[in-house]
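User: I would like to learn how to read pockets, strands and backbone angles in a model. Can we take them one at a time?

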Amino acid sequence: MYFITGGAFNGKKRWVLTKYSYDVNDDCKWYHCYTEKNKYIMTLPYSKESTLVIEGIEKSLEEYLKNGHGTAKDFYDRYLLKLLTWEQQDEKRKLIIIGTDMTKGIVPIDKDVRHFRDELGRLYQKLVQMADDTIIVWFGLGQSLS
């Protein structure tokens, strides 16, 4: 699994399209969390494509938390663990997760927003632990943390 993060509108999607152009082609399912609901993540591991890109994972976590389902760990266990298992079952498969970094800056006053930001940080820590590589993209330039 590859985890791509960085600030909003810093070129994460373009970087993935350029860096993984061979993988992100006709044999790819690009899942937009900004427009699609969490329930569809459950169907992704049964996709016929060999590459799955999940863009905007922070939006799915936010929806999950707003619906009172639990924590980032619960979200990871319920949705993302299945995708990691799917990827590991075939060496040709690739999972790319893109998430906007919202954990820096001024701590929000609103309790719910603060809770979301804390849980997002926990989710990103888990993704970094599990990733084959983590890339931070700033202004279109990617830097590996490995």
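User: Where is the place of Phe-9?

Analyst: First, a caution: this is a predicted model. Phe-9 sits in the loop between E1 and H1.

User: What is phi of Phe-9 near?

Analyst: Start with the general idea. Most residues other than glycine have a negative phi. Now the case here. Phi of Phe-9 is near 55 degrees, a positive value in a residue other than glycine.

User: Is Phe-9 buried or exposed?

Analyst: Exposed means over 50% relative accessible area. Phe-9 has 87%, so it is exposed.

User: Which loop holds Phe-139, and what is its phi near?

Analyst: Phe-139 lies in the loop between E5 and strand E6 (141-144). Its phi is near 55 degrees, again a positive value in a residue other than glycine. Phe-139 is exposed, with a relative accessible area of 74%.

User: Now pockets. How much space lies in the largest pocket?

Analyst: The general idea comes first. Rolling a probe the size of a water molecule over the atoms shows where empty space is left. In this model, the largest pocket holds about 210 Å³ of space. It is lined by 13 residues, and the closest to its centre are Ala-8, Phe-9, Lys-12, Tyr-34 and Thr-100. Helix H1 (12-19) and strand E4 (94-100) are the elements that give two or more residues to this lining.

User: How does the lining of the largest pocket split by class?

Analyst: The lining has 5 nonpolar, 4 polar and 4 charged residues.

User: How much space lies in the second largest pocket, and which residues are the closest to its centre?

Analyst: The space is about 150 Å³. The lining has 14 residues, and Phe-3, Thr-5, Asp-101, Tyr-124 and Val-128 are the closest to the centre. Strand E1 (2-6), helix H4 (111-130) and strand E5 (133-138) each supply at least two lining residues. H4 gives the most, with 4 residues. By class, the lining of the second largest pocket divides into 6 nonpolar, 6 polar and 2 charged residues.

User: Take Thr-5 from that list. Is Thr-5 buried or exposed?

Analyst: The cut-off for buried is under 20% relative accessible area. Thr-5 has 9%, so it is buried. Thr-5 is found in strand E1.

User: What does the side chain of Thr-5 reach, and which residues is Thr-5 in contact with?

Analyst: The side chain of Thr-5 reaches the backbone oxygen of Gly-99 at 2.8 Å. Leave aside neighbours within four places in sequence. The contacts of Thr-5 then include Lys-12, Gly-99, Thr-100 and Asp-101. Tyr-124, Ile-135, Ile-136 and Val-137 are also among them.

User: Last, strand burial. Why is E3 described as largely enclosed?

Analyst: Count the buried residues along the strand. In E3 (residues 51-55), 5 of the 5 residues are buried, so the strand is largely enclosed by the rest of the structure. Then check each face. Thr-51, Val-53 and Glu-55 are buried on one side, and Leu-52 and Ile-54 are buried on the other.

User: How many bridges join E2 to E3, and how many pair E3 with E4?

Analyst: Strand E2 (residues 28-32) and E3 run parallel, joined by 5 bridges. Lys-29 has Leu-52 as its bridge partner in E3. E3 and E4 also pair in the parallel sense, over 5 bridges. There, Glu-55 has Ile-98 of E4 as its bridge partner.

Notes. Residues are numbered from 1 along each chain as its sequence is written. This is a predicted model: local features need pLDDT of at least 70, side-chain atom pairs count only at pLDDT 80 or more; totals for chains, interfaces and linings use all residues. Side-chain values use heavy atoms; hydrogens and water are left out. On a 1 Å grid over the protein atoms alone, a cavity is a set of points where a 1.4 Å probe fits but cannot get out, and a pocket is an open set with protein on both sides within 12 Å along at least five of seven lines; lining residues have an atom within 4 Å of a point. Grid points are joined across faces, edges and corners, and a volume is the space filled by probe spheres set on the points. Ala, Val, Leu, Ile, Met, Phe, Trp, Tyr, Cys and Pro count as nonpolar, Asp, Glu, Lys and Arg as charged, and the others, Gly among them, as polar. Buried means under 20% relative accessible area, exposed over 50%, partly exposed in between (1.4 Å probe, protein chains only). A polar contact is a pair of N or O atoms within 3.5 Å; within protein, one must be able to donate a hydrogen and the other to accept it, and residues adjacent in sequence count only if both atoms are side-chain atoms. Contact means heavy atoms within 4.5 Å. Two strands pair if DSSP finds at least two bridges between them.
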